[in-house]
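Subject: Handover of a structure and notes on it

Dear colleague,

I am passing the structure below on to you, together with my notes on what was found in it. Please keep it open beside the text as you read.

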Amino acid sequence: MKEYTECELLRLAKRYGNKKRGYLLVNPLMAKHIPVAPNEALLLMRTLGEKVAALFDNVRGVVAFAETATAIGAMVARAFGGNCLYLTTTRETYCFDNCCADESRHWLTFAEEHSHAVTQRLFALPLTDKGAAAVNGSVENNSPLIFVDDEISTGRTLLNVVKAVRTHCADCRERPIVAASLINRQSDDERREFAENGIECVSLLTLPKTDYEVRVADFSVTAPTKLSPSNFDGDNFLANSGGQGRELYVPQYADPRLGVDCGAYFREWNVFLRDRLTLIDGELPEQGRILVLGTEECMLPALLLGNEVAKRHEAAQVFCHATTRSPIGVGGSQAGYPIGNGYALPSFYDATRQTYVYNLAAYDAAIAVSDAPTVNAAGCVELARALAECGTDRLIVLGMHNVWHIQGR
């Protein structure tokens, strides 16, 4: 099993406009803020899954924290075979519409106290006897429940959600809890509090408590760039810009925010992405640089597609990362600072909400993959404009129901 070092997994950045916590741990291999080859990101996530699976058996439930750990959680769940519940927390609200009135009471709200967006939600129904049987036919409430995050600093967020789950879900009160993360930097007292609450930790890298506020203090950063207003009619453009006329395949298990069978989820998404790739594969360069970009909580599909593109186009360099809700300070070319550029854009999920993308560069083609029910035009167009600013003139957007080809403007 591969071992990772602090040098490989940790860079320090400044949060922008967050008075609760001034620093941000940036993982260069996680395919979130920094472009990375998809196979490297998947190897990292698979390694955590293998470590957890070597320590625990009979696991039938994995919960991943949005947005950064959604892909990590999927790979951990996959380590336990197909018959494993994969569930993510979310900050999105559209998925509530997919629940009937009786199920709506199972949405739990908890706090990620240090975050720019404090409120998170978890659909707890899949964790109950009834919900587990509906998802994958298994009801094993004595099996460990795995919570997955990219890094655990104090563990306060995990304690908040575990308390909410145990209060709401009688089936979960006696289940062992495992906190799996790429990095854990809890103090002895914080680990002791976990143990007192029946929570065991597994991580790829354990670090001592460090004052990161001091370490980022000397970095000089600016806000992500907000492009000047455009008169471009995005809605009209998307209606006439290569949206495919034929009915495209939509996965049955498209939304882990509501809980999915892990094996079915991977199978369905692989079919979905290969269907999309069939439409665009001939337009991708055999050599050169290709970017595959996920959107916010939708990280795994971009990695799966990027990995497939890399296999088909062996002479090309393929990179993956994702948009995010996190406002991070942009440091330009400062030595040692991981965020070279950044853009504020309308979210693919909600045109009235701002999202961000960092470390864009010149690519021969860029592909965005989103699980937004209806990808909004403003998000597509503004992402294309940001890419064009950095030397990428072509963007292909793969939505749930359409494929759009957008020239940078």
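Glu308 and Arg312 are separated by about one helical turn, because they are four residues apart in helix H10; helices here are DSSP runs of H or I with at least four residues, strands are DSSP runs of E with at least two, and both are numbered from the N terminus. Please bear in mind that this is a predicted model, in which local features need pLDDT of at least 70 and side-chain atom pairs count only at pLDDT 80 or more, while totals for chains, interfaces and linings use all residues. Residues are numbered from 1 along each chain as its sequence is written, and side-chain values use heavy atoms, with hydrogens and water left out.

Salt bridges

Glu308 and Arg312 form a salt bridge whose closest N and O atoms are 3.1 Å apart, the term meaning a side-chain nitrogen of Lys or Arg within 4 Å of a carboxyl oxygen of Asp or Glu. Arg312 is partly exposed, with a relative accessible area of 33%, where buried means under 20% relative accessible area, exposed means over 50%, and partly exposed lies in between (1.4 Å probe, protein chains only). Glu308, by contrast, counts as buried because its relative accessibility is 16%. The side chain of Glu308 also meets that of Arg274 in a salt bridge (4.0 Å, N to O). This pair links distant parts of the chain, since Glu308 is in helix H10 (residues 300–312) and Arg274 is in helix H9, 34 residues apart. Arg274 counts as partly exposed at 42% relative accessibility.

A search of the whole structure finds 19 salt bridges. Among them is the one between the side chains of Glu8 and Lys2 (3.5 Å, N to O), where Glu8 is partly exposed at 27% relative accessible area and Lys2 is partly exposed at 38%.

Nonpolar cores

In soluble globular proteins, nonpolar side chains tend to be buried together. The largest nonpolar core in this model has 84 residues, and those with the most contacts inside it are Leu48, Ile72, Ile146, Leu305 and Ile367; such a core is a set of buried Ala, Val, Leu, Ile, Met, Phe, Trp, Tyr and Cys residues joined through side-chain atoms within 4.5 Å. Helix H9 (residues 262–280) gives the most to this core, with eight residues. A second, separate core of 33 residues includes Phe123, Tyr343, Phe348 and Cys380.

A sheet and a helix across it

Three strands form an open sheet in the order E10-E14-E15, with mixed pairing; two strands pair if DSSP finds at least two bridges between them. Strand E10 (225–226) and strand E15 (354–358) stand at the edges with a single partner strand each, so one side of each is left without a neighbour in the sheet. Strand E14 (residues 342–346) runs antiparallel to E15 and is joined to it by five bridges, with Gly342 standing opposite Tyr358 in E15.

Two buried residues

Gly399 is found in the loop between strand E17 (394–398) and strand E18 (403–407), and it counts as buried at 0% relative accessibility. Leaving aside its neighbours within four places in sequence, Gly399 is in contact (heavy atoms within 4.5 Å) with Phe272, Arg276, Ser370 and Val375. Thr47, placed in helix H2 (residues 38–55), is buried with a relative accessible area of 2%.

With best wishes
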